[in-house]
Amino acid sequence: MSQSVATSVRRKVKFIDYSYWYNIEKEEIDAILQDCLSRGQLLLRDEVESFESNLAKYVGTKYAVATSNCTDSLRLSLTAAGIGPGDEVITSAHTFAATVAAIEQVGAEPVLADIKSDDHLIDIESVKRLITSKTRCIIPVSLNGRVADLEEIEDLAADHEILLIEDAAQGLGGYRNGRMAGSFGIAGCFSFYPAKTLGALGDAGAITTNSEDMYNKLIALRNHNRTSDGDIKKWGFNCRLDNIQAAVLDFRLTRLEEYIKKRRHIASMYHEGLNEIEEIMLPPNDRNDRENRDAYQNFELEAKNRDELLNFLKAEGIEIILPWGGKAIHQFSAFHGDSSYLWVTDRVFDQIMTLPMHVALKDDEVEYVIELVRQFYGI
Ligand SMILES: Cc1ncc(COP(=O)(O)O)c(C=O)c1O
(Lines give C-alpha, C1' and ligand atoms only; values in the text may rest on other atoms or scores of the structure.)
Protein backbone atom coordinates (compact mmCIF):
# COMPACT_ATOMS: atom_id res chain seq x y z
CA MET A 1 0.00 0.00 0.00
CA SER A 2 1.22 3.41 -0.90
CA GLN A 3 2.12 5.76 1.94
CA SER A 4 3.22 8.67 -0.22
CA VAL A 5 1.48 10.91 -2.66
CA ALA A 6 2.55 10.41 -6.24
CA THR A 7 -0.16 12.58 -7.73
CA SER A 8 1.12 15.79 -9.16
CA VAL A 9 -1.29 18.42 -7.84
CA ARG A 10 -2.94 18.12 -4.44
CA ARG A 11 -6.51 19.40 -4.35
CA LYS A 12 -9.73 19.23 -2.37
CA VAL A 13 -12.68 17.19 -3.58
CA LYS A 14 -15.94 17.81 -1.75
CA PHE A 15 -18.39 15.02 -1.01
CA ILE A 16 -21.24 17.36 -1.90
CA ASP A 17 -21.07 20.98 -3.09
CA TYR A 18 -24.27 22.76 -2.06
CA SER A 19 -23.18 26.26 -3.01
CA TYR A 20 -22.17 25.19 -6.51
CA TRP A 21 -25.61 23.65 -7.08
CA TYR A 22 -27.28 26.90 -6.02
CA ASN A 23 -24.90 29.03 -8.06
CA ILE A 24 -25.51 27.18 -11.33
CA GLU A 25 -29.27 27.69 -10.88
CA LYS A 26 -29.06 31.02 -9.07
CA GLU A 27 -31.16 32.97 -11.56
CA GLU A 28 -34.04 30.50 -11.51
CA ILE A 29 -33.95 29.87 -7.74
CA ASP A 30 -33.76 33.59 -6.87
CA ALA A 31 -36.69 34.32 -9.18
CA ILE A 32 -38.75 31.54 -7.57
CA LEU A 33 -38.06 32.79 -4.06
CA GLN A 34 -38.81 36.38 -4.99
CA ASP A 35 -42.03 35.40 -6.71
CA CYS A 36 -43.33 33.33 -3.76
CA LEU A 37 -42.26 35.84 -1.13
CA SER A 38 -43.57 38.91 -2.93
CA ARG A 39 -46.95 37.26 -3.41
CA GLY A 40 -47.01 36.08 0.20
CA GLN A 41 -47.29 32.42 -0.87
CA LEU A 42 -45.86 30.66 2.16
CA LEU A 43 -47.82 27.56 3.13
CA LEU A 44 -50.06 25.05 1.34
CA ARG A 45 -50.43 27.21 -1.78
CA ASP A 46 -50.59 26.38 -5.49
CA GLU A 47 -46.88 25.54 -5.64
CA VAL A 48 -47.36 22.70 -3.17
CA GLU A 49 -50.22 21.27 -5.22
CA SER A 50 -48.28 21.67 -8.45
CA PHE A 51 -45.25 19.87 -6.99
CA GLU A 52 -47.47 17.09 -5.62
CA SER A 53 -49.10 16.59 -8.98
CA ASN A 54 -45.78 16.58 -10.88
CA LEU A 55 -44.11 14.25 -8.39
CA ALA A 56 -47.00 11.77 -8.57
CA LYS A 57 -46.75 11.87 -12.37
CA TYR A 58 -42.98 11.27 -12.24
CA VAL A 59 -43.21 8.36 -9.79
CA GLY A 60 -46.27 6.92 -11.50
CA THR A 61 -48.73 7.03 -8.61
CA LYS A 62 -52.17 8.57 -8.37
CA TYR A 63 -51.28 10.88 -5.49
CA ALA A 64 -48.43 12.60 -3.73
CA VAL A 65 -48.50 14.45 -0.42
CA ALA A 66 -45.70 16.93 0.26
CA THR A 67 -44.32 16.82 3.81
CA SER A 68 -41.72 18.43 6.02
CA ASN A 69 -39.18 15.57 5.62
CA CYS A 70 -38.95 11.81 5.09
CA THR A 71 -38.85 10.98 8.80
CA ASP A 72 -42.28 12.60 9.10
CA SER A 73 -43.38 10.88 5.86
CA LEU A 74 -42.62 7.52 7.46
CA ARG A 75 -44.34 8.40 10.72
CA LEU A 76 -47.43 9.74 8.94
CA SER A 77 -47.61 6.69 6.65
CA LEU A 78 -47.38 4.26 9.58
CA THR A 79 -50.00 6.26 11.47
CA ALA A 80 -52.34 6.43 8.47
CA ALA A 81 -51.92 2.66 7.97
CA GLY A 82 -53.02 2.11 11.58
CA ILE A 83 -49.75 0.61 12.77
CA GLY A 84 -49.00 0.97 16.47
CA PRO A 85 -48.41 -0.79 19.78
CA GLY A 86 -48.25 -4.58 19.56
CA ASP A 87 -47.25 -4.53 15.87
CA GLU A 88 -43.89 -5.59 14.48
CA VAL A 89 -42.39 -3.78 11.49
CA ILE A 90 -39.52 -5.34 9.55
CA THR A 91 -36.93 -3.06 7.98
CA SER A 92 -33.30 -3.19 6.91
CA ALA A 93 -30.40 -3.05 9.38
CA HIS A 94 -28.68 -0.79 6.83
CA THR A 95 -30.79 2.34 6.90
CA PHE A 96 -30.83 5.79 8.41
CA ALA A 97 -31.93 6.10 12.05
CA ALA A 98 -35.12 7.79 10.77
CA THR A 99 -36.69 4.55 9.53
CA VAL A 100 -36.46 2.89 12.92
CA ALA A 101 -37.23 6.09 14.83
CA ALA A 102 -40.53 6.43 12.93
CA ILE A 103 -41.49 2.83 13.78
CA GLU A 104 -40.73 3.46 17.45
CA GLN A 105 -42.58 6.79 17.39
CA VAL A 106 -45.87 5.09 16.47
CA GLY A 107 -45.31 2.58 19.29
CA ALA A 108 -44.53 -0.42 17.08
CA GLU A 109 -41.50 -2.71 17.38
CA PRO A 110 -38.75 -2.50 14.75
CA VAL A 111 -37.32 -5.84 13.62
CA LEU A 112 -34.11 -5.72 11.58
CA ALA A 113 -33.50 -7.82 8.47
CA ASP A 114 -30.01 -8.57 7.21
CA ILE A 115 -28.75 -7.22 3.87
CA LYS A 116 -27.45 -8.85 0.69
CA SER A 117 -23.69 -8.88 0.25
CA ASP A 118 -23.72 -7.68 -3.35
CA ASP A 119 -25.98 -4.60 -3.31
CA HIS A 120 -26.37 -4.01 0.47
CA LEU A 121 -30.17 -3.91 0.13
CA ILE A 122 -32.64 -5.73 2.38
CA ASP A 123 -32.42 -9.52 2.00
CA ILE A 124 -35.84 -11.05 1.37
CA GLU A 125 -34.65 -14.41 2.75
CA SER A 126 -33.87 -12.72 6.05
CA VAL A 127 -37.27 -10.96 5.96
CA LYS A 128 -39.02 -14.33 5.48
CA ARG A 129 -37.35 -15.74 8.60
CA LEU A 130 -38.52 -12.76 10.69
CA ILE A 131 -42.23 -12.79 9.86
CA THR A 132 -44.38 -13.63 12.89
CA SER A 133 -48.10 -13.34 13.65
CA LYS A 134 -47.37 -9.81 14.92
CA THR A 135 -45.75 -8.58 11.68
CA ARG A 136 -47.97 -5.84 10.23
CA CYS A 137 -45.64 -4.08 7.84
CA ILE A 138 -42.36 -4.32 5.92
CA ILE A 139 -40.37 -1.18 5.15
CA PRO A 140 -37.76 -2.03 2.51
CA VAL A 141 -35.21 0.71 1.92
CA SER A 142 -34.13 1.59 -1.64
CA LEU A 143 -30.66 2.79 -0.72
CA ASN A 144 -28.15 4.72 -2.80
CA GLY A 145 -30.63 5.24 -5.66
CA ARG A 146 -30.99 1.47 -6.09
CA VAL A 147 -34.43 -0.10 -5.88
CA ALA A 148 -34.76 -2.94 -3.36
CA ASP A 149 -36.26 -6.27 -4.54
CA LEU A 150 -39.68 -4.69 -4.29
CA GLU A 151 -41.62 -6.94 -6.62
CA GLU A 152 -40.60 -10.02 -4.64
CA ILE A 153 -41.25 -8.24 -1.33
CA GLU A 154 -44.60 -7.02 -2.65
CA ASP A 155 -45.60 -10.65 -3.36
CA LEU A 156 -44.32 -11.82 0.01
CA ALA A 157 -46.25 -9.07 1.79
CA ALA A 158 -49.42 -9.90 -0.14
CA ASP A 159 -49.08 -13.63 0.70
CA HIS A 160 -48.85 -12.82 4.41
CA GLU A 161 -51.37 -9.92 4.33
CA ILE A 162 -48.66 -7.56 5.52
CA LEU A 163 -48.52 -3.90 4.48
CA LEU A 164 -45.65 -2.56 2.39
CA ILE A 165 -44.38 0.97 3.02
CA GLU A 166 -41.31 2.02 1.04
CA ASP A 167 -38.47 4.02 2.49
CA ALA A 168 -37.60 5.65 -0.83
CA ALA A 169 -35.68 8.53 0.78
CA GLN A 170 -32.73 7.68 -1.49
CA GLY A 171 -34.68 5.97 -4.24
CA LEU A 172 -36.10 8.76 -6.39
CA GLY A 173 -35.54 8.11 -10.08
CA GLY A 174 -34.51 4.48 -9.64
CA TYR A 175 -36.68 1.85 -11.29
CA ARG A 176 -37.06 -1.91 -11.66
CA ASN A 177 -39.01 -3.55 -14.43
CA GLY A 178 -40.32 -0.16 -15.42
CA ARG A 179 -41.65 0.68 -11.96
CA MET A 180 -40.27 3.62 -10.04
CA ALA A 181 -39.23 3.47 -6.39
CA GLY A 182 -42.16 4.83 -4.43
CA SER A 183 -44.81 3.18 -6.60
CA PHE A 184 -44.85 -0.30 -5.03
CA GLY A 185 -46.14 0.06 -1.49
CA ILE A 186 -49.27 1.58 0.00
CA ALA A 187 -46.96 4.54 0.61
CA GLY A 188 -43.58 5.61 -0.78
CA CYS A 189 -41.67 7.96 1.51
CA PHE A 190 -39.20 10.43 -0.02
CA SER A 191 -36.59 12.82 1.32
CA PHE A 192 -35.54 16.03 -0.38
CA TYR A 193 -32.83 16.80 2.16
CA PRO A 194 -30.31 19.02 0.31
CA ALA A 195 -27.88 16.13 -0.33
CA LYS A 196 -30.53 14.06 -2.09
CA THR A 197 -30.76 13.65 -5.87
CA LEU A 198 -33.71 16.04 -5.75
CA GLY A 199 -32.52 18.38 -3.02
CA ALA A 200 -34.46 21.24 -1.42
CA LEU A 201 -32.98 24.33 0.23
CA GLY A 202 -33.47 22.68 3.62
CA ASP A 203 -35.63 19.84 4.96
CA ALA A 204 -38.42 18.55 2.73
CA GLY A 205 -40.18 15.28 1.94
CA ALA A 206 -43.19 13.62 0.33
CA ILE A 207 -45.33 10.50 0.29
CA THR A 208 -46.64 8.87 -2.88
CA THR A 209 -49.59 6.51 -2.91
CA ASN A 210 -52.20 4.92 -5.16
CA SER A 211 -54.71 4.60 -2.33
CA GLU A 212 -57.37 7.30 -2.11
CA ASP A 213 -57.99 6.34 1.51
CA MET A 214 -54.29 6.75 2.42
CA TYR A 215 -54.16 10.02 0.49
CA ASN A 216 -57.10 11.51 2.37
CA LYS A 217 -55.71 10.41 5.71
CA LEU A 218 -52.22 11.75 4.92
CA ILE A 219 -53.48 15.12 3.69
CA ALA A 220 -55.38 15.54 6.96
CA LEU A 221 -52.67 14.12 9.25
CA ARG A 222 -49.91 16.43 7.99
CA ASN A 223 -52.07 19.43 8.88
CA HIS A 224 -53.31 18.66 12.42
CA ASN A 225 -55.79 16.07 11.12
CA ARG A 226 -58.26 18.79 10.20
CA THR A 227 -61.06 17.46 8.06
CA SER A 228 -62.89 19.47 5.40
CA ASP A 229 -65.78 20.15 7.81
CA GLY A 230 -63.29 21.85 10.16
CA ASP A 231 -63.44 19.14 12.82
CA ILE A 232 -60.52 17.25 14.37
CA LYS A 233 -61.54 13.75 15.46
CA LYS A 234 -58.04 12.65 16.49
CA TRP A 235 -54.99 14.86 17.05
CA GLY A 236 -52.65 15.07 14.08
CA PHE A 237 -49.28 16.59 13.31
CA ASN A 238 -47.76 19.65 11.69
CA CYS A 239 -45.72 18.09 8.88
CA ARG A 240 -46.39 20.60 6.10
CA LEU A 241 -43.90 21.47 3.38
CA ASP A 242 -43.07 25.17 3.02
CA ASN A 243 -44.35 26.71 -0.17
CA ILE A 244 -40.95 28.05 -1.27
CA GLN A 245 -39.43 24.58 -0.90
CA ALA A 246 -42.23 23.12 -3.04
CA ALA A 247 -41.64 25.76 -5.71
CA VAL A 248 -37.90 25.06 -5.81
CA LEU A 249 -38.48 21.30 -5.88
CA ASP A 250 -41.02 21.66 -8.67
CA PHE A 251 -38.40 23.51 -10.71
CA ARG A 252 -35.63 21.03 -9.89
CA LEU A 253 -37.92 18.13 -10.73
CA THR A 254 -37.85 19.36 -14.34
CA ARG A 255 -34.06 18.85 -14.23
CA LEU A 256 -34.03 15.58 -12.33
CA GLU A 257 -33.23 13.47 -15.38
CA GLU A 258 -30.17 15.66 -16.06
CA TYR A 259 -29.01 15.27 -12.45
CA ILE A 260 -29.40 11.49 -12.65
CA LYS A 261 -27.54 11.36 -15.96
CA LYS A 262 -24.66 13.20 -14.34
CA ARG A 263 -24.61 10.85 -11.33
CA ARG A 264 -24.66 7.82 -13.59
CA HIS A 265 -21.76 9.25 -15.58
CA ILE A 266 -19.71 9.67 -12.37
CA ALA A 267 -20.64 6.13 -11.30
CA SER A 268 -19.51 4.71 -14.63
CA MET A 269 -16.17 6.50 -14.24
CA TYR A 270 -15.70 4.99 -10.77
CA HIS A 271 -16.66 1.57 -12.13
CA GLU A 272 -14.19 1.78 -14.96
CA GLY A 273 -11.35 3.22 -12.88
CA LEU A 274 -11.67 0.95 -9.83
CA ASN A 275 -12.89 -2.25 -11.42
CA GLU A 276 -9.56 -4.08 -11.44
CA ILE A 277 -8.71 -3.47 -7.77
CA GLU A 278 -9.16 -6.82 -6.03
CA GLU A 279 -9.39 -5.26 -2.57
CA ILE A 280 -12.47 -3.25 -3.56
CA MET A 281 -16.00 -4.51 -4.05
CA LEU A 282 -17.94 -2.08 -6.21
CA PRO A 283 -21.73 -1.79 -6.26
CA PRO A 284 -23.17 -4.32 -8.74
CA ASN A 285 -22.88 -3.17 -12.28
CA ASP A 286 -25.42 -0.74 -13.37
CA ARG A 287 -28.62 -2.43 -14.45
CA ASN A 288 -29.48 0.34 -16.89
CA ASP A 289 -31.72 -0.69 -19.71
CA ARG A 290 -35.15 0.44 -20.74
CA GLU A 291 -36.72 -1.26 -17.72
CA ASN A 292 -34.11 -0.90 -14.97
CA ARG A 293 -32.08 1.99 -13.67
CA ASP A 294 -29.98 2.90 -10.64
CA ALA A 295 -30.09 6.61 -9.84
CA TYR A 296 -26.81 6.62 -7.85
CA GLN A 297 -27.84 8.76 -4.93
CA ASN A 298 -24.53 7.52 -3.48
CA PHE A 299 -21.59 5.47 -4.70
CA GLU A 300 -21.15 2.96 -1.88
CA LEU A 301 -18.39 0.36 -1.97
CA GLU A 302 -16.55 -2.07 0.27
CA ALA A 303 -12.80 -1.69 0.68
CA LYS A 304 -10.22 -3.86 2.42
CA ASN A 305 -8.15 -1.81 4.90
CA ARG A 306 -10.98 0.70 4.72
CA ASP A 307 -9.83 2.81 7.66
CA GLU A 308 -6.31 3.21 6.25
CA LEU A 309 -7.74 4.08 2.83
CA LEU A 310 -10.06 6.60 4.46
CA ASN A 311 -7.23 8.31 6.30
CA PHE A 312 -5.10 8.32 3.17
CA LEU A 313 -7.85 9.93 1.07
CA LYS A 314 -8.72 12.44 3.78
CA ALA A 315 -5.07 13.46 4.03
CA GLU A 316 -5.13 14.06 0.27
CA GLY A 317 -8.16 16.37 0.55
CA ILE A 318 -10.91 13.96 -0.47
CA GLU A 319 -14.11 14.15 1.56
CA ILE A 320 -15.30 10.62 2.26
CA ILE A 321 -18.40 9.67 4.22
CA LEU A 322 -19.13 6.50 6.13
CA PRO A 323 -22.83 5.66 5.83
CA TRP A 324 -24.68 6.76 8.98
CA GLY A 325 -21.33 7.70 10.53
CA GLY A 326 -20.16 4.07 10.26
CA LYS A 327 -22.93 2.42 12.30
CA ALA A 328 -25.70 0.08 11.20
CA ILE A 329 -28.97 0.43 13.15
CA HIS A 330 -28.21 -2.27 15.75
CA GLN A 331 -24.82 -0.67 16.47
CA PHE A 332 -26.54 2.38 18.01
CA SER A 333 -27.22 2.02 21.73
CA ALA A 334 -30.85 3.13 21.19
CA PHE A 335 -31.61 -0.21 19.51
CA HIS A 336 -32.61 -2.95 21.94
CA GLY A 337 -33.87 -5.72 19.64
CA ASP A 338 -32.20 -8.93 18.47
CA SER A 339 -29.24 -8.45 16.16
CA SER A 340 -27.44 -11.78 16.59
CA TYR A 341 -28.19 -12.90 13.02
CA LEU A 342 -27.07 -9.77 11.13
CA TRP A 343 -23.91 -11.42 9.80
CA VAL A 344 -23.74 -9.69 6.44
CA THR A 345 -24.52 -6.25 7.83
CA ASP A 346 -21.81 -6.67 10.48
CA ARG A 347 -19.22 -7.71 7.89
CA VAL A 348 -20.17 -5.01 5.40
CA PHE A 349 -20.01 -2.24 8.00
CA ASP A 350 -16.33 -2.95 8.66
CA GLN A 351 -15.53 -2.14 5.04
CA ILE A 352 -18.19 0.22 3.77
CA MET A 353 -17.60 3.78 2.52
CA THR A 354 -19.03 6.24 -0.03
CA LEU A 355 -17.07 8.27 -2.57
CA PRO A 356 -17.81 11.89 -3.59
CA MET A 357 -20.96 12.11 -5.71
CA HIS A 358 -22.84 15.29 -6.62
CA VAL A 359 -24.09 17.11 -9.71
CA ALA A 360 -21.21 19.55 -9.72
CA LEU A 361 -18.39 17.00 -9.53
CA LYS A 362 -16.01 17.42 -12.44
CA ASP A 363 -14.46 14.60 -14.43
CA ASP A 364 -10.94 15.58 -13.40
CA GLU A 365 -12.00 15.45 -9.73
CA VAL A 366 -13.40 11.94 -10.22
CA GLU A 367 -10.17 10.96 -12.01
CA TYR A 368 -8.16 12.35 -9.10
CA VAL A 369 -10.13 10.27 -6.57
CA ILE A 370 -9.68 7.17 -8.75
CA GLU A 371 -5.96 7.82 -9.14
CA LEU A 372 -5.51 8.09 -5.38
CA VAL A 373 -7.46 4.90 -4.62
CA ARG A 374 -5.45 2.99 -7.24
CA GLN A 375 -2.27 4.39 -5.79
CA PHE A 376 -3.24 3.31 -2.28
CA TYR A 377 -3.60 -0.28 -3.46
CA GLY A 378 -0.36 -0.09 -5.42
CA ILE A 379 -1.82 -0.15 -8.93
C1 LIG B 1 -32.85 5.81 4.00
C2 LIG B 1 -33.32 7.08 4.64
N3 LIG B 1 -34.50 7.07 5.30
C4 LIG B 1 -34.98 8.19 5.87
C5 LIG B 1 -34.28 9.38 5.82
C6 LIG B 1 -34.82 10.58 6.52
O7 LIG B 1 -35.01 11.64 5.66
P8 LIG B 1 -35.20 13.14 6.20
O9 LIG B 1 -33.84 13.65 6.55
O10 LIG B 1 -35.81 13.86 5.05
O11 LIG B 1 -36.10 13.07 7.39
C12 LIG B 1 -33.06 9.43 5.14
C13 LIG B 1 -32.27 10.67 5.07
O14 LIG B 1 -31.09 10.68 4.87
C15 LIG B 1 -32.57 8.25 4.53
O16 LIG B 1 -31.41 8.24 3.87
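**Close-up views of a predicted model**

At 15% relative accessibility, Asn225 counts as buried; buried means under 20% relative accessible area, exposed over 50%, and partly exposed in between (1.4 Å probe, protein chains only). This is a predicted model, in which local features need pLDDT of at least 70, side-chain atom pairs count only at pLDDT 80 or more, and totals for chains, interfaces and linings use all residues. Residues are numbered from 1 along each chain as its sequence is written, and side-chain values use heavy atoms, with hydrogens and water left out.

**View 1. Asn225 and the backbone of Lys234.** Asn225 sits in the loop between helix 8 and helix 9 (243-253). Helices (H or I, at least four residues) and strands (E, at least two) are DSSP runs, numbered from the N terminus. A polar atom of the Asn225 side chain is 2.9 Å from the backbone oxygen of Lys234.

View 2. The side chain of Thr71 has an N or O atom 2.5 Å from an oxygen atom of the ligand. For Asp167, a side-chain N or O atom is 2.7 Å from a nitrogen atom of the ligand. Lys196 places a polar side-chain atom 2.7 Å from a ligand oxygen atom. On its own the ligand has 390 Å² of accessible area (Shrake-Rupley method, 1.4 Å probe), and the protein covers 92% of this.

**View 3. Aromatic pairs.** The whole structure holds nine aromatic pairs. Rings of Phe, Tyr and Trp (its six-membered ring) pair if their centres lie within 6.5 Å; planes under 30 degrees apart count as stacked, over 60 as edge-to-face and the rest as tilted. Tyr63 and Tyr215 are stacked, because their ring centres are 4.4 Å apart and their planes are at 15 degrees. Tyr63 belongs to strand 1 (residues 63-67) and Tyr215 to helix 8 (residues 212-221), 152 residues apart. Tyr215 is partly exposed, at 22% relative accessibility. Phe376 and Tyr377 make an edge-to-face pair, with 4.9 Å from centre to centre and 85 degrees between the planes. Both of these residues, Phe376 and Tyr377, are buried. Phe51, Phe190 and Phe192 are linked into a cluster by ring pairs.

**View 4. Leu42 in its loop.** The loop that holds Leu42 runs between helix 2 (26-38) and helix 3 (46-59). Leu42 has a relative accessible area of 47%, so this residue is partly exposed.

Conventions:
Polar contact = N/O pair within 3.5 Å; in protein donor to acceptor, adjacent residues only side chain to side chain.
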